Amino acid sequence: MAPGQAGAWGALGPLLWGCALALQGGMLYPRESPSRERKELDGLWGFRADFSDSRRRGFEQQWYRRPLRESGPTLDMPVPSSFNDVGQDAQLRSFVGWVWYEREVALPQRWSQDLDTRVVLRIGSAHYYAIVWVNGVHVAEHEGGHLPFEADISKLVQSGPLSSCRITIAINNTLTPHTLPPGTIQYKTDTSKYPKGYFIQDTKFDFFNYAGLHRPVLLYTTPTAYIDDITVTTGMDQDTGLVNYQVSVQGSEHFQLEVCLRDEEGKVVAEGTGGRGQLQVPNANLWWPYLMHEHPAYLYSLEVKLTAQTAAGPASDFYALPVGIRTVAVTESQFLINGKPFYFHGVNKHEDADIRGKGFDWSLLMKDFNLLRWLGANSFRTSHYPYAEEVMQLCDRYGIVVIDECPGVGIVLPESFGNVSLQHHLQVMEELVRRDKNHPAVVMWSVANEPASFLTPAGYYFKTVIAHTKTLDPSRPVTFVTNSNYAADLGVPYVDVICVNSYYSWYHDYGHLEVIQLQLATQFEAWYGAYQKPVIQSEYGAETIAGFHQDPPLMFSEEYQRSLLEQYHSVLDQKRKEYVVGELIWNFADFMTNQTPQRALGNKKGIFTRQRQPKSAAFLLRERYWRLANETRYHRSVVKSQCLGNSLFPF
């Protein structure tokens with residue numbers, strides 16, 4: 001889309017998103033089926049950081065050509081996890097440069113002998129730049145630390161009498177002005193203060209730059225003729241649900257596709273054939289958010305069967321995709337899901353926890369979701385990067401609405417708005433949309449958080465990114481998160497919903513809670529008066545050290561956090577009757593940051609500690625969120641029916 005066309009995105013509504021996606025190319029989540037197998041590679045990997053001055057010794061000595069242990073000592077490193085906090089080495093915790101991972105994998109015999117089987121290596125996340133070899137042969141490179149990538153390794157593992165393969169992954173966590181998120185390397189050249197060659201990684205975001213293999217690594221198989229991608233958009237025609245599907249196939253030009261949609265009981269409710277079509281579901285069960293319907297998060301299963309002719313003969317493939325039927329729309333003052341006003345009462349989160357850093361952990365994930373439901377939260381923003389695919393799947397299952405954010409945080413340097421950065425940002429949005437386009441829980445894309453969008457180059461930059469995202473996915477609105485201090489925001493005219501971060505009586509007017517209501521009301525009136533678009537208070541909060549108490553409230557005490565939230569809530573209760581459509585607390589839980597005098601072992605703005613224990617504000621927020629759910633047009637019994645026992649219904 002030409003940049004000059006992007007102004008159309010500022011049109012006011014109501015805007016209903018339901019068109020077919022323009023994106024092509026597959027990144028289907030690896031699911032087992034009658035035609036597909038998967039092998040998890042989680043566990044201990046061989047690991048070494050390249051501590052050489054140049055950080056290039058691994059490439060100079062070609063560590064990938066033979067087992068890593070043969071070129072020097074290795075550590076056992078758990079995957080998935082960040083490598084930073086697992087050991088006791090302070091040098092490794094703050095390491096910047098190349099690290100090396102290796103794993104020997106025993107393959108099922110059929111995988112290595114059946115030439116009709118395609119074997120794929122999938123890496124869920126490698127922060128930040130990754131190069132991959134299999135048996136010493138280069139198979140993939142990927143830039144970006146938060147999205148999956150994969151490589152077809154069939155020829156390598158089927159080239160001889162192999163019963164195993166050696167996977168080597170080199171990862172560099174260096175951030176530059178052109179990465180997302182950006183960063184700079186600062187060289188300290190004063191040899192009276194710093195050793196020769198000393199440098200530090202500088203960033204403009206407030207979370208620790210954890211690195212490593214953060215998400216599952218696995219092998220999976222498909223037939224050589226296979227379902228490469230499925231794209232689904234949904235709509236409604238009165239009581240009839242509409243499921244528009246598009247299927248792409250690789251490996252054969254001669255094939256047939258059969259499609260059926262099953263309900264939660266396994267009953268076929270619609271059928272179709274061919275690579276593109278529309279399934280109609282009479283009296284459809286809609287996908288509703290948590291606390292918005294007595295049966296939220298209803299999921300159908302779209303089953304796709306491929307029958308193809310290949311050089312080796314007939315082949316078949318089968319894939320089942322969860323589908324939620326729902327619509328999303330925006331007016332000048334409302335956010336609508338299935339035609340009903342939706343109010344975001346939720347949280348901002350981080351993928352962050354003790355020891356594992358940003359490493360994926362099922363136990364931690366389920367604890368977080370149980371706490372979200374305990375709070376009565378119906379939504380969260382993936383601040384400030386895409387979360388694991390498994391997180392998105394749970395949001396689909398539990399009805400937790402997601403604002404899906406790319407890693408565009410800390411974009412403040414003028415050089416980060418140039419063409420190199422822009423092209424990378426566009427590529428990241430393509431990968432994010434490709435991965436998450438079919439999740440009903442995802443209702444909006446966020447292309448950045450608090451960028452310096454008042455700078456002159458930012459207008460064209462965000463106009464282009466937002467327009468590109470809308471081209472990739474016309475089915476969802478787009479936002480980016482602004483800071484209320486940036487009055488002359490050049491990106492806001494192109495978004496559909498305005499997300500605003502503000503920290504009144506925290507980062508300024510320290511301790512003066514009495515000014516919050518006036519300043520917050522002024523903020524809302526200024527943004528809505530300028531653009532007539534729905535507004536979400538996308539961040540607000542206060543640093544709080546658990547167990548600190550002061551009355552009258554003083555900063556860092558639990559009482560101050562509660563009092564600050566109450567001042568915000570007073571204004572939010574007024575404005576949500578007009579054009580404010582959501583509030584997301586900063587933050588769900590305490591999280592690690594770089595070491596500075598302003599941070600005592602990380603950011604303490606969580607309503608839960610880093611160990612997921614509640615501060616006083618958690619109970620205040622819980623009471624508020626359940627009350628907000630109860631005040632909607634939906635009957636009280638809807639809310640009560642979704643409690644995990646009467647003890648969770650606080651009024």
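Predicted model: local features only at pLDDT ≥ 70, side-chain atom pairs only at ≥ 80, totals over all residues.

Visitor: Fine. Sheet first. In what order do the strands of the open sheet come?
Guide: The order is β19-β18-β21-β22, four strands in an open sheet, and the pairing is antiparallel.

Visitor: Which ones are the edge strands?
Guide: β19 (268-273) and β22 (313-323) are the edge strands, each pairing on one side only. From one strand to the next, the twist averages 15°.

Visitor: What holds strands of a sheet together in general?
Guide: Strands of a sheet pair through backbone hydrogen bonds, and the pairing is either parallel or antiparallel.

Visitor: How many bridges join β18 to β21?
Guide: Eight bridges do, between residues 255-262 of β18 and residues 300-310 of β21, and the two strands run antiparallel. To find one of the pairs, look at L257, whose bridge partner in β21 is L306.

Visitor: Change of topic: helices. At what angle do α5 and α11 cross?
Guide: The axes of α5 (residues 362-375) and α11 (residues 616-630) cross at roughly 60° and come within 8 Å. With that angle, α5 counts as oblique to α11.

Visitor: Which residues of α5 meet α11?
Guide: From α5 they are R373, W374 and L375, and in α11 they meet A618, F619, L621, R622, Y625 and W626. By class, this contact of α5 with α11 has seven nonpolar residues, two charged and no polar ones.

Visitor: Now the empty spaces. How does anyone find those?
Guide: A probe the size of a water molecule is rolled over the atoms, and this shows where empty space is left.

Visitor: How many cavities of 30 Å³ or more does the structure hold?
Guide: Seven. The largest cavity has about 190 Å³ of space. It is lined by 22 residues, and the closest to its centre are E351, L364, L365, D368 and V391.

Visitor: Which element gives the largest share of that lining?
Guide: α5 does, with four residues. That is the helix whose axis crosses that of α11.

Visitor: And what classes of residue line the largest cavity?
Guide: Nine are nonpolar, nine are charged and four are polar.

Visitor: What about pockets? What volume does the second largest pocket have?
Guide: About 470 Å³. Among the 22 residues of its lining, P341, F342, Y343, R576 and T632 are the closest to the centre.

Visitor: Which elements give two or more residues to that lining?
Guide: β33 (580-585) and α11. The lining of this second largest pocket counts twelve nonpolar, five polar and five charged residues.

Visitor: Where does N587 lie?
Guide: In the loop between β33 and α11.

Visitor: Which residue has a positive phi although it is not a glycine?
Guide: Q62, with a phi of about 55°. Look for Q62 in the loop between α1 (57-60) and β4 (75-79).

Definitions and conventions: Residues numbered from 1 in each chain as written. Heavy atoms only, no water. Pairing = 2+ DSSP bridges. Axes fitted to C-alpha atoms, helices over the stretch in contact; angles between N-to-C directions. Parallel < 35°, antiparallel > 145°, perpendicular 65-115°, else oblique. Contact = heavy atoms within 4.5 Å. Nonpolar A, V, L, I, M, F, W, Y, C, P; charged D, E, K, R; others polar. 1 Å grid on protein atoms, 1.4 Å probe; cavity = no way out; pocket = protein on both sides within 12 Å on 5 of 7 lines; lining within 4 Å. Points joined across faces, edges and corners; volume = space filled by probe spheres on them.
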